[in-house]
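Open the model in your viewer and keep the selection tool ready. We will go stop by stop.

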Amino acid sequence: MPSKTDALRSSLAKRLSTARNATDALFTMLTPDAMTARPIPERHRVLFYLGHIEAFDWNLLCKSTMGLDPFNEPFDQLFAFGIDPANDDMPTDKPSDWPSIAEIRGYNRHIRETVDALLDRTGFDESEDLDNGLVFEVAIEHRLMHAETLAYMLHWLPVECKLPRHDRTRTDLEPARESGSATVQIPAGHATLGQPENESFGWDNEFGELRKAVPAFAIDRHNVTNGEYLEFIRQGGYQDRSLWMADDWNWKEAEGVRHPRFWQRANDDSDVWELRNMFDVRPLPESWPVYVSHAEASAYANWKGRTLPTEAQFHRAAYGTHGGVEQSYPWGAAPPTPARGNFDFARWDPAPVGSFQSGDSAFGVADLFGNGWEWTSTVFGPLPGFERFHFYPGYSADFFDGKHYVMKGGSPRTAASMLRRSFRNWFQPHYPHIYSSFRLVNA
């Protein structure tokens with residue numbers, strides 16, 4: 001019978017391999033020229049991320065935790081921080097400023113071999129950082145996070161830069177369900193944010209339980225759809241300054257934002273809209289959730305005379321029950337499966353709202369996991385007793401700046417491991433490139 005250490009080592013090795021496959025698949029679907037592209041202006045070129053994920057593993061596991069001497073220190077630094085723009089300026093680096101793809105892949109191979117050897121011989125009681133495989137867990141989830149953030153970065157590459165994928169799901173063939181106009185009454189109760197120390201793996205911002213009383217409220221059964229958001233556009237929502245916070249309006253005007261980033265007009269003078277997906281452009285699927293920035297979601301909420309839910313309201317609607325017990329997942333204690341929602345890399349694109357009824361919460365709220373992260377009105381901040389990861393001190397704390405909002409749930413490209421109740425995502429309100437949906441509550 002394998003020992004506890006052997007079982008942990010085997011589990012970590014299997015999950016690390018799965019996570020590597022997820023990121024490797026993204027790079028192999030690109031044409032060679034796409035590797036030096038910068039699909040989001042304020043982010044690095046694609047090839048930075050080819051080196052960054054492995055450099056993170058080296059710097060965390062091999063260098064900081066195990067004390068190994070560097071074999072390519074310039075790459076360790078370059079791919080940890082990249083060529084950062086000065087102040088708030090956009091990056092100005094050229095493709096020629098970067099190493100070749102062959103050099104980066106050679107660097108990556110050496111790191112993987114070293115990490116695998118360390119995992120094969122490391123004891124998990126040698127230090128606090130190794131206890132229960134902590135730093136290996138961090139490396140795995142960091143990679144899985146990039147499997148998602150890379151997906152929405154590559155989304156903005158021209159279709160011809162991406163090789164056709166025979167394994168993508170034909171979500172356009174799924175039947176549309178009743179759209180998101182119906183609301184669900186959530187009775188007063190409590191919501192528990194975070195998790196206790198040492199209960200299970202989590203990032204530093206997940207620790208420190210906070211139990212909050214939540215008054216009764218009504219929440220949309222489904223996410224706001226493209227079709228519903230289209231009415232906001234047709235009714236002049238992007239031209240009505242009264243609907244927008246001052247900073248949001250200034251951003252919208254400065255950037256010329258007139259519709260969701262994922263939409264485009266069929267032609268310049270048309271009111272016919274199309275949706276830009278990972279591998280194609282198609283007529284706007286009105287039953288799919290709309291993906292927008294927090295600023296746009298907030299303006300829509302004002303137009304409706306409602307609000308975005310707080311983090312606690314989301315928790316109450318997702319995990320609460322009529323009996324007062326809080327569940328691990330909206331549907332109960334069973335682990336996530338493909339029937340529960342659109343997550344864990346099963347699809348490239350959204351599905352019609354309400355397509356996964358077995359994933360509904362105890363109160364009947366749909367699609368709380370997958371199909372798009374959900375914006376909340378809660379500013380990202382620490383839970384009581386917050387302590388930084390000393391080996392990654394800036395992971396959360398650098399964003400406790402009052403300028404980022406909590407997101408909950410998950411997208412089609414969110415790994416199943418990050419569907420745990422305590423997981424918190426966050427973004428600033430003017431970032432339109434991500435798979436972020438929303439639903440509303442009564443004000």
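## Stop 1: a buried arginine

Select R439: its relative accessible area is 0%, so this residue is buried. Keep in mind that the model is a predicted one.

Show the side chains of both. R439 and E374 form a salt bridge, with the closest N and O atoms 2.6 Å apart. Next, colour by secondary structure. R439 lies in the loop between strand 12 (436–437) and strand 13 (441–442). E374 belongs to strand 9 (residues 373–379). The pair links distant parts of the chain, 65 residues apart.

## Stop 2: a network

Select D24, E54, D57, R112 and R143 together. Salt bridges that share partners join these residues into one network. How many salt bridges does the structure hold? The count is 22.

## Stop 3: two more pairs

Go to R38 and D93. They form a salt bridge, and the closest N and O atoms are 3.0 Å apart. Are R38 and D93 buried or exposed? Both are buried.

Next, select K252 and E253. Their side chains meet in a salt bridge, 2.5 Å from N to O. K252 has a relative accessible area of 0%, so K252 is buried. E253 has 36% relative accessibility, so E253 counts as partly exposed.

## Stop 4: the nonpolar cores

Select F79, F136, V138, Y229, W263, W375 and F438. These residues have the most contacts inside the largest nonpolar core, which has 102 residues. Which helix gives the most to this core? Helix 5 (residues 134–154) does, with 14 residues.

Zoom in on Y229. Leave aside its neighbours within four places in sequence. Y229 is then in contact with V224, Y238, P260, W263, V290, V292, E296, Y300 and F438. Two of these names, W263 and F438, were also in your core selection.

Last, select F217, Y329, F343 and F363. They are among the residues of a second, separate core, which has 22 residues.

Key
Residues numbered from 1 in each chain as written. Predicted model: local features only at pLDDT ≥ 70, side-chain atom pairs only at ≥ 80, totals over all residues. Heavy atoms only, no water. Salt bridge = Lys/Arg side-chain N within 4 Å of Asp/Glu carboxyl O. Buried < 20%, exposed > 50% of the residue type's maximum accessible area, 1.4 Å probe, protein only. Helix = DSSP H or I, 4+ residues; strand = E, 2+ residues; numbered from the N terminus. Core = buried A, V, L, I, M, F, W, Y, C linked by side-chain atoms within 4.5 Å. Contact = heavy atoms within 4.5 Å.
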